[in-house]
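Please walk through the structure below, from the overall division of the chain to its details.

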Amino acid sequence: MFFDIYVKRNLDEFYNYREELNRLLKALKYHKIIVVKGLRRVGKTSLMSVAYHMIENPKVFLDARDFKDPFKLMDRAFMEIYSQIDPTKKIFEVVNVDIGPFTLKLNKSDVSLKEIDKKLSKKAVIFIDEIQELEGLDKLIAFAYDHTKNIVFVISGSEIGVLDKLFLPDKPLFGRLAEVITLNPLSFEKSLNFLRLGFAQEGKEYSETELREVVKNLDGLVGWLTYYGYLRRQYSHKKSLEILKRNAKLLIESELAKFLEKRRGEKIRYLLIIKALKEPKTWSEIKDYLEFKLKKKISNARIHNYIEKLLEFGFIVKDEEKYKLADPLLSLL
Ligand SMILES: Nc1ncnc2c1ncn2[C@@H]1O[C@H](COP(=O)(O)OP(=O)(O)OP(=O)(O)O)[C@@H](O)[C@H]1O
Ligand SMILES: [Mg+2]
């Protein structure tokens, strides 16, 4: 069912994005790193999860938030893969993976990354979600990239710019070839169709006026549309939108708070830019707005920095010459 709110696993509950899915499946054959990019709630984890459940390779799906340090995550990933190519090795039994300079020594029988790589007759696929949460993971991925042939990483995260930054010249992954798959929000028509089909799956049909109002409010982020459909099972149209907005506001506030935590001195400025972008604006309109509100001049370099950071963390997007909110619900703040 489209309106179940867990991460999707099966094709029949996964709407649209077939081209992106096929690209991902194909890239597994030819690439060693695949990056799944997109705004919050656009469906990145679901895309990875559907691909994960479709493939028959040795595979593992991990969320970086579940680990305290990158070594533990890698250790776990390779243990899982190893146990799949050699079923006599049960997970947690003996194996500890030696990943080059980052050796972990807890074990009875070491096995090196190269040995695992050699044993693989098919590509092994390591999916890692929310990669930005573990500092140092990129270094380990770079090491594995350089020393193996048959291991593929599919990585993703909610902060769009963080993924781009992984490949900058001063970073461990610099120079490694990666296939980037970007998920874009659904168009207005596709969003409407998602709602129509989702309700049809449940034997319901609602007025087009209502459905249009939903898409006008939520745009093409499949996560919000799914949540609306889920609430609509129980509540009226009006009430569903109301609950959704109330909860969305809390969630977005906490995401923004996390971003602002490290930028305390500039909190008001960031909030003003977000407020300004309730209506799309050009770069100089943003500058004018900020200077007007703060009643002082702000250097171009600073404005540039604020805008770059908001883009990087996926709070705003650039649409032709204008900047706008990445998620219309940010205007609730
Ligand atoms: N293609 C799809 N078809 C139907 N439902 C989907 C699809 N993609 C995502 N969903 C639903 O949307 C919600 C958000 O999906 P998901 O967690 O995969 O997005 P995400 O981009 O990883 O979000 P985040 O940025 O918060 O990590 C979930 O409830 C999921 O069930
Ligand atoms: Mg996700």
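Domain bounds here come from an automatic or database domain assignment. On that basis the chain of this predicted model is given domain 1, residues 17-183, and domain 2, residues 262-333. Contact between the two involves 6 residues of domain 1 and 6 residues of domain 2. On the domain 1 side, the touching residues comprise 2 nonpolar, 2 polar and 2 charged ones.

The next topic is the sheet. Five strands form an open sheet with parallel pairing, in the order β2-β5-β6-β1-β7. Its edges are β2 (59-63) and β7 (179-183), each of which pairs on one side only. Averaged over the sheet and with direction ignored, neighbouring strands are turned by 15 degrees against each other. Within this sheet, β5 (residues 124-129) runs parallel to β6 (residues 151-156), and 5 bridges join them. Val 125 has Val 152 of β6 as its bridge partner. Helix α3, residues 70-85, packs on the sheet and touches β2 and β5. The direction of α3 makes about 155 degrees with that of β2.

Is α2 enclosed or open? The buried residues are Lys 44, Thr 45, Ser 46, Leu 47, Met 48, Ser 49, Val 50 and Ala 51. They pack against α1 (18-30) and against the strands β1 (33-38), β2, β5, β6 and β7.

Ligand 1 is surrounded by 21 residues, the closest being Tyr 15, Gly 43, Thr 45, Ser 46 and Gly 223. At least two residues of the shell come from α2, and at least two from α9 (222-232). By class, the shell has 9 nonpolar, 8 polar and 4 charged residues.

Strands β8 (residues 316-319) and β9 (residues 322-325) pair in the antiparallel sense over 4 bridges. In this pairing Ile 316 stands opposite Leu 325 of β9. The hairpin has 2 residues between the strands, and Glu 320 takes a positive phi near 55 degrees.

Definitions and conventions
Residues are numbered from 1 along each chain as its sequence is written. Chains are lettered from A and ligands numbered from 1 in the order in which they are written. This is a predicted model: local features need pLDDT of at least 70, side-chain atom pairs count only at pLDDT 80 or more; totals for chains, interfaces and linings use all residues. Two strands pair if DSSP finds at least two bridges between them. Axes are lines fitted to C-alpha atoms, for helices over the stretch in contact, and angles run from 0 to 180 degrees between N-to-C directions. Two residues are in contact if their C-beta atoms, placed from the backbone, lie within 7 Å. A residue is near a molecule or strand if its C-beta atom, placed from the backbone, lies within 6 Å of it. Ala, Val, Leu, Ile, Met, Phe, Trp, Tyr, Cys and Pro count as nonpolar, Asp, Glu, Lys and Arg as charged, and the others, Gly among them, as polar. A residue is buried if 20 or more other C-beta atoms lie within 10 Å of its own, exposed if 12 or fewer, and partly exposed in between; C-beta atoms are placed from the backbone.
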